[in-house]
Amino acid sequence: MCGIVGYIGNQNSVPILIEGLKRLEYRGYDSAGVASINLGKSDLIKVKGKVSALEEKVKHEQLQGNIGIGHTRWATHGAPNETNAHPHFNSDKTLYLIHNGIIENYSVLKTALISKGYNFNSETDSEVLVHLIDSFIKKGNDLFNSVRYSLNEVEGAYGICVIYSDEPDKIIVAKKGSPLVIGIGDGENYIASDVNALIAYTSQIVYLEDDEIAVVYKDKFQARSISDEEIVKEVHEVKIALEEISKGGYQHYMLKEIMEQPESVRNSMRGRLLYEDGISKLGGLEGFDNRIAYSRRIVISACGTSWHAGLVGEYMLEQYAGIPVEVDYASEFRYRNPVIQPDDTMIFISQSGETADTLAAMKEAKRKGALVLGVCNVVGSSIARESTAGVYIHAGPEIGVASTKAFTSQLVVLSLITLLAARKRNLSLIDGKKIIEEIDSLPDKIARILKINDQIEHIAEKFVDAKNFLYLGRGYNFPVALEGALKLKEISYIHAEGYPAAEMKHGPIALIDENMPTVVIAPKDSVYDKVLSNIEEVKARKGKVIAIANEDDDQIDKLVDHVIKVPQTIRMLMPILTVIPLQLLAYHIAVKKGLNVDQPRNLAKSVTVE
Ligand code: M6R
C-alpha cells in the first residue's frame with residue numbers, strides 16, 4: 001500500500017526521492033516523509049498529507065544528502081498524521097526506517113522493547129522495527145546483521161529500507177510479502193516498492209524475493225537470505241516509457257486510462273488471435289493448453305475489480321468451454337479450507353500482481369496441487385512470478401486508483417483463454433472465427449463509445465447530488481453492474497449497490513423512489529425483455545433510470561429517463577463495451593463533486609496488506 005524509495009550515490013538524494021514518491025503516490029497518500037544522511041549527519045522531514053506538501057517543506061528546510069529514503073503512507077496502524085508518518089527513527093536519531101506492510105506481532109515486540117526502556121513516538125506497527133534493530137546494534141552488531149536478526153523475530157509482511165548514520169555507505173533493504181526492487185545505476189543505486197518510481201533513472205531492475213535481504217552501496221549490491229546464505233540475483237531490463245506513466249494532457253490519470261482503452265484492449269489481443277484456426281495463441285500458457293481445457297474445474301480468485309472480471313470469466317468459460325467454474329474472493333479462499341484437486345486449474349487475476357490476499361490465495365492453491373495461472377498487468381510482479389504459467393494483459397501502467405483499462409483488458413484475456421479451451425473441446429472452427437472477428441472489432445467499438453463522453457458528462461451533471469445508486473444487470477452484465485457500482489462508490493463516495501436485475505424484487509426494490517437513480521444495463525440479448533420488465537418495475541415506483549442499451553434499440557428510449565447507447569457484439573464480449581459508460585459516469589460525477597478521482601480517500605492502488 002505504502003510507497004517506498006531509496007537512493008545512494010553522488011547526487012543529492014532528496015529531489016530523487018521526492019520525484020520517486022510522486023510516482024508512487026497512488027500507493028498511499030495520507031502522509032509522507034524523507035530522511036537523509038549528509039556528511040555522517042542524518043536529518044528527517046515528515047508531513048501529514050501529500051508529497052507536494054513534503055516537497056514544499058523540504059525546499060524550505062533545505063534537506064540534502066547523498067543517501068536517503070522516502071515514504072508515502074496509507075495508514076494501517078495509527079491515524080494519518082505527521083508523527084505516524086515514516087521514516088521512523090531510534091532515540092539517537094541515527095537510524096531511520098521506512099516500511100510497507102504490517103508487522104503482525106508488533107504488540108508483543110513493543111511490550112518487550114518498552115520493558116527494556118525504549119520509548120515510542122508513534123502508534124504504528126512499523127516503529128517497532130526501528131527500535132528492535134537499534135537493540136541489536138546496541139549489543140554490538142553491525143547494521144546488516146541487526147536488521148537480519150530483527151526480521152527473524154518479526155511476523156507479518158514487510159518491504160523495508162534502513163539507513164544508519166554510523167554506516168553511511170549503505171542502505172539495507174529486505175522483503176517479505178510486500179514488493180521491493182533495486183534499480184541499478186552508474187555509480188548510484190535506487191530502491192523502490194514499484195518500478196514506476198525508477199524508470200526515469202534506470203531500466204536495470206533487480207526484484208527482491210521474499211525472505212531476501214540486500215546491502216545496497218552506491219556502486220554494488222549484495223543479496224543474502226534472511227538465514228544468511230549468499231544469493232545471486234538476476235538484473236532485468238524493464239521497458240516502460242516515461243510517457244506511459246504521465247497524464248498525457250488529461251486532467252486525471254483515470255480519464256486518460258479510460259480513453260486509452262481502444263489501444264490497451266488492442267494490446268491485450270495483439271499477436272494472440274489465429275484467425276485461420278479460429279483459436280487464440282497464448283505464449284504464457286504453452287504446454288498447459290490441454291491441461292487447462294480438460295480441467296475438472298476452474299476456480300478463479302481475485303479481489304475488487306479483478307474479482308468482477310473473474311465473474312465475467314465464469315460466464316465465458318461455462319458457456320463456451322463447458323467447464324464448471326467457481327469464482328472466489330481471494331481473501332475468503334485463503335482462510336477457508338477450499339477443496340482443491342490436482343486436476344483443478346486456478347486462475348488468479350490481479351492488475352498490480354501484488355495484492356496480498358490474491359498472492360496468499362495463490363500460494364495456498366499451489367500447496368494444494370492445483371495448476372496455478374496468473375493473469376496480471378504488471379510485468380515481473382509477485383503474482384506473475386509466483387504463478388506456474390500465465391498471461392499478461394498488457395494494458396500498460398494503470399495509475400488511477402479506480403481500475404478501468406485493466407478491467408477491459410482482463411476481460412479480453414479471459415475471452416482468449418475461453419477461446420483456447422473451447423476450441424480444444426467442442427467449439428467449431430466457424431464459431432471460433434466468429435469470436436475472433438468480434439474480439440478484433442472491440443477497439444473500434446470502444447472508440448465509438450468514447451465519442452459520446454460529452455453526453456455521459458451531461459447525464460452525470462443531473463446526478464451529482466444523489467445519495468444512493470442502484471446498478472442492475474443480468475447474465476454477463478451482472479458483474480458489470482457490480483463494477484459500475486464499485487467505480488461510483490470508490491471515487492464519488494456515493495453509496496451504490498450492484499444487483500442481478502431479477503434480485504431487485506427480493507429486497508432492493510424497497511429502496512426505490514424518485515431520489516434513487518437506477519442504472520440498468522440492457523443490451524439486446526436473450527434476457528433483454530426480462531430486463532425491460534425490471535425497468536418498468538423501477539419506473540412504476542417513480543425511480544429514475546439510466547439505461548445502457550444498444551445503438552439499434554429505439555424501444556428503450558421512451559421507457560427510461562436517460563439512455564447511453566453502445567455498439568452490439570456477442571454476449572460474451574458485451575461487458576467490455578457496457579462497462580465503459582459506467583466508468584465515465586462515475587468519473588464525471590466525482591469530478592463534478594470536486595473530488596480527487598485519482599486518489600480517493602482511504603484507498604490505495606495496490607493493496608499489499610491483508
Ligand atoms: O491489483 P489488483 O487487481 O489485484 O487489485 C484488486 C483490487 O484492490 C482493485 O481492483 C480495487 O478494487 C480497485 N480500487 C478497483 O477500482
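**Entry 1: S331**

I looked up S331 and noted it as partly exposed because its relative accessibility is 26%, where buried means under 20% relative accessible area, exposed means over 50% and partly exposed lies in between, using a 1.4 Å probe and protein chains only. I found S331 in helix α10, which covers residues 330-333; helices are DSSP runs of H or I with at least four residues, numbered from the N terminus. I also compared S331 with Y149, and the two are 182 residues apart in sequence and 31 Å apart in space, C-alpha to C-alpha.

I wrote down that this is a predicted model, in which local features need pLDDT of at least 70 and side-chain atom pairs count only at pLDDT 80 or more, while totals for chains, interfaces and linings use all residues. Residues are numbered from 1 along each chain as its sequence is written, and side-chain values use heavy atoms, with hydrogens and water left out.

Is S268 buried or exposed? I recorded S268 as buried, because its relative accessible area is 0%, and I placed it in helix α7, residues 261-269. I then followed its side chain, which reaches the backbone oxygen of I393 at 2.7 Å and has a polar atom 3.0 Å from the backbone oxygen of S264. Both are polar contacts, meaning pairs of N or O atoms within 3.5 Å; within protein, one atom must be able to donate a hydrogen and the other to accept it, and residues adjacent in sequence count only if both atoms are side-chain atoms.

V130 and N90 are 40 residues apart in sequence, yet I found them 6.1 Å apart in space, C-alpha to C-alpha.

**Entry 2: the ligand**

Which residues are closest to the ligand? I noted that 15 residues surround the ligand, the closest being S306, S350, S352, T355 and E490, where a residue counts if one of its heavy atoms lies within 4 Å. I checked oxygen atoms of the ligand, and found one 2.6 Å from a polar side-chain atom of S352, one 2.8 Å from a polar backbone atom of S403 and one 3.0 Å from a polar side-chain atom of K487. The elements that give two or more residues to this shell are α9 (304-321) and α17 (478-492).
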